[in-house]
Amino acid sequence: MDLKDYYLLAALLACLWLDPSIAQELIYPIREELQENVLIGNIPKDLNISHTNAATGASANLVYRLVSKAGDNPLVRVLSSTGEIFTTSNRIDRERLCPGPSFEDSECAFEIEVVILPNDYFRLIKIKMVVKDTNDNAPMFPSPVINISIPENTLINSRFAIPSATDPDTGPNSVHKYELVNGQSAFGLDIVETPEGEKWPQLIVQQNLDREQKDTYVMKVKVEDGGSPQKSSTAILQVTVTDVNDNRPVFKDGQMEVHIPENSAVGTSVVQLQATDADIGSNADIRYVFGTQVPPATKRLFALNSTSGLITVQRPLDREETAIHKLSVLASDGSSSPAKATININVTDVNDNPPNIDLRYIIVPINGTVFLSEKDPINTKIALITVSDKDTDINGKVICFIEKDVPFHLKAVYDNQYLLETSALLDYEGTKEYNFKIVASDSGKPSLNQTALVRVRLEDENDNPPVFTQPVIELAIMENNKRDLFLTMLSATDEDHGKNAEIVYQLGPNASFFDLDRKTGVLTASRVFDREDQDRFLFTVTARDNGTPPLQTQAAVIVTILDENDNNPKFTHNHFQFFVSENLPKYSTVGVITVTDTDAGENAAVSLSILNDNENFILDPYSGVIKSNVSFDREQQSSYTFDVRAVTINVIDVNDNTPVVISPSSNTSFRLVPLSSIPGSVVAEVFAVDGDTGMNAELKYSIVSGNNRGLFRIDPVTGNITLEEKPTVTDIGLHRLVVNISDLGYPKSLHTLVLVFLYVNDTASNATLIHELIRRTMETPIDRNIGESGETYQSGDYLTILIAFVTGALVVVIVIFVTVLLRCRHASRFKAAQRKKQGAEWMSPNTENKQNKKKKRKKRKSPKSSLLNFVTIEESKPDDPAHEPINGTISIPTELEEQGIGRFDWNATPTTTFKPSSPDLARHYKSASPQSAFHLKADTPVSVKKHHVIQELPLDNTFVGGCDTLSKRSSTSSDHFSASECSSQGAFKTKAPLHTRQQT
């Protein structure tokens, strides 16, 4: 057995296993030519269908739907609520439905299919409408004038055939009787009924004829049907009396039946007729002609040789159009009594017709596409498929199947009908559209098949809730903030589509200090925060979609308020009084000054100092412990009064943090930009934060690459990327924008680059392909557009390398040339100066001058200017820039090393000579940035004139370090930096490493 045999066996088994509760049949007899809106039947009543659910007892809202083909004009309609069947304005004409010859026992019918919905109550009802005939057609003769030739020597009671009339109606409504009108007593009329039920009229000669007396008789023949009311028609019968011809032709076989394949070629012989005549001469010449009862269509298919009587195929035959052709052939020798033969030609079938697929949708399609909801259950009925084949027997056996693997299947309901229904649950997010073919194949050799395309598009249901990119969002902001300060942009995604994916955001309880934009998710501060009142806020945010019903999800937001030094220290008492014994040893503890600060961390670090004491007491600036600096003698002084000041050390921010990108979360994510987007709409958001404060944390967004078409624009403040103009077909594809995020810090702005990928298209169904495109673009430099070809980049790189190489070579040549030129000029000037000095010494010789001269010559061997020109500081960034100094090394020329100049040990720790009452500046001045620092020792072997150290300090605590002392600058000074100059013999001393701004 081959594959088609298995399909055929499966189809036959499916027909045997039909569920009678699903497929049922009804037969209604109706009369043709009924008026519109005539009740034909009631489906639930005739099938005893209950509208009540047997399990629950609830009323079931059944829907009755007529399954019709698109473009059909149905002859009946079904009332969807009651299942009643009515006629329509389209006329039911039995003769049009069943053309061709009809007999009394022949049946004319048409079928309709009605489905009962919803799916839980589904039934398929096949209804057969048997159309009963009405007498709406009158019998008609083939010609209005009938000519018959009768020899003059014809005997009385001789019979001559008259062409019979035809009536498209059947039964009693067909031809009933014939009547001869004005027979002139020479002729009569008789009716002969054939075995097939046909009535043939015959003209009877009732008296002798004499051509010489009268050669023509004109009469009328009337035919009537048996219907009610009775219909009739007449024809003129003209009889011509001819001369005598004694013998009539006789067929050898008057009834013949032949078989011929429908694919017989034109010219193929069908049958050879043979008739003989006993006469001789011209009276024996026989001519063959078709009888008047042969339809014109049959005469066009077959040719009759009038001389030989051979019938051949004249045009291609089609068994599916007419399977049996009935021919009547007359053989005439010129007399008035021709012989008649009947030939039945049976056209046999060959497999020349592919199967036909009649696809009638239960779910009405829109522009040829069926729309299903992804929530539709399994076995949802989509269409009723009827397959047929005009061929017969094995050539007409048809199997039906779906071409590829899709979540749909065909369920057999009758031997040639199938229901197309879903076989699995549908998922819009997995597959949005299905296009598949239904194949009908016959069992002929070779097999022929036909296909029908089915398009199914899924409609999204709100079955996916929004999902936050982070379930817990932690934020940190400084207190004393500005109102409407931007905090973050909340982001949630929804796998649904359209309105089901439109997300709105909403704040939960305990969030009265915050505002949230419902559409963009931008979270801002609606009030000014005070960390001392509340240092932490915990609330929820809700992301809800616009589906029906809406789905939502929540995320927790934790906002930590960072401290700012906005509170002055406070003593626990306005007046402190301590009692001590006289003769107390020096440096004994007198008491403790307590002070509080509501700020936190470093902002709560307080330094204490005595204002107006003549060094009688020592105050620990951090613990507040007062110790005596003298030995007390009550007789000399019984009390001491002095003021104490508490100072908070402020740390000024340094621009040492680059912006950190929050959104997009990675450089490989993308956003879809539909072609329907309008100009001005936000297509992406870029958001970053900066760990610095003030202007150092103010950010500016700009697109530096990838926007050569000018399609997009970024807001420099908010970072929102919007459309400048509506995208067109030429803009479809992947766009890579390089966004620069820079702060407004001083003295140098820091920046970060982020890649934003925008995919312009109606859909982004193939996310894997888009991510592959993004991966490929990573090979393209960010200063180039991804639309440029790789060859251009490659040739451009080679050109850049070549130019750089040539430029470098030229620079080296020029430097060598200039160096040689300067050395030559320096040597000539030195020699001239030597000769000049020698001449001066010759004029006034002096021993001391000679000695000084030698010393000067020795000093020239270690040129200071050359050494300073080659000093470089190599910085390394430590893990903790506030506590570990940056190690430095001095690189000097090789020629200077050969002259014995040693290297300086930069890793040595300097000594500290601060007084106890001096504030520890390095302890309180901490920076979050890795600042460069280096240290100089007093025994530095390098002889230089001055060291220039730039140190950035707060305005009200700016100290200038001299050789041995520190002098405090006025807090009102406009110079933010101080420069200290120490000679090579002095010592520069500091308690902690000096923080210098990194020079770049």
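Select R775 to begin: at 45% relative accessibility this residue counts as partly exposed, a class that sits between buried (under 20% relative accessible area) and exposed (over 50%), as judged with a 1.4 Å probe and protein chains only. Its partner is E772, also partly exposed with a relative accessible area of 27%, and the two side chains meet in a salt bridge at 2.6 Å, N to O; the term stands for a side-chain nitrogen of Lys or Arg within 4 Å of a carboxyl oxygen of Asp or Glu. Being 3 residues apart in helix α5, E772 and R775 are separated by about one helical turn. Helices here are DSSP runs of H or I with at least four residues, and strands are runs of E with at least two, both numbered from the N terminus.

The model is a predicted one, in which local features need pLDDT of at least 70 and side-chain atom pairs count only at pLDDT 80 or more, while totals for chains, interfaces and linings use all residues. Residues are numbered from 1 along each chain as its sequence is written, and side-chain values use heavy atoms, with hydrogens and water left out.

Stay with α5 and display residues 767-777, where I770, I774 and T777 are buried. Why do they lie on the same side of α5? They cover an arc of only 60° around the axis, the arc being that of the directions from the helix axis to the C-beta atoms.

Next, select E33, in the loop between β1 (23-31) and β2 (39-42). Its phi is near 65°, a positive value in a residue other than glycine, and E33 is partly exposed, with a relative accessible area of 25%. Most residues other than glycine have a negative phi, and most peptide bonds are trans. The side chain of E33 meets that of R91 in a salt bridge of 2.3 Å, N to O; because E33 lies in the loop between β1 and β2 and R91 in the loop between β5 (84-87) and α3, the pair ties together parts that are 58 residues apart in sequence. R91, partly exposed at 43%, also forms a salt bridge with D93, the closest N and O atoms being 3.4 Å apart, and D93 counts as buried at 12% relative accessibility.

C108 is buried, with a relative accessible area of 2%.

Two proline sites come next. The peptide bond from L117 to P118 is cis, with omega near 10°, and P118 is found in the loop between β6 (109-117) and β7 (123-132). Another cis bond joins T548 and P549, with omega about -5°; P549 lies in the loop between β39 (536-545) and β40 (552-562).

For a last stop, select D393, in the loop between β26 (381-388) and β27 (398-402): it has a positive phi of about 55° although it is not a glycine, and at 63% relative accessibility it counts as exposed.
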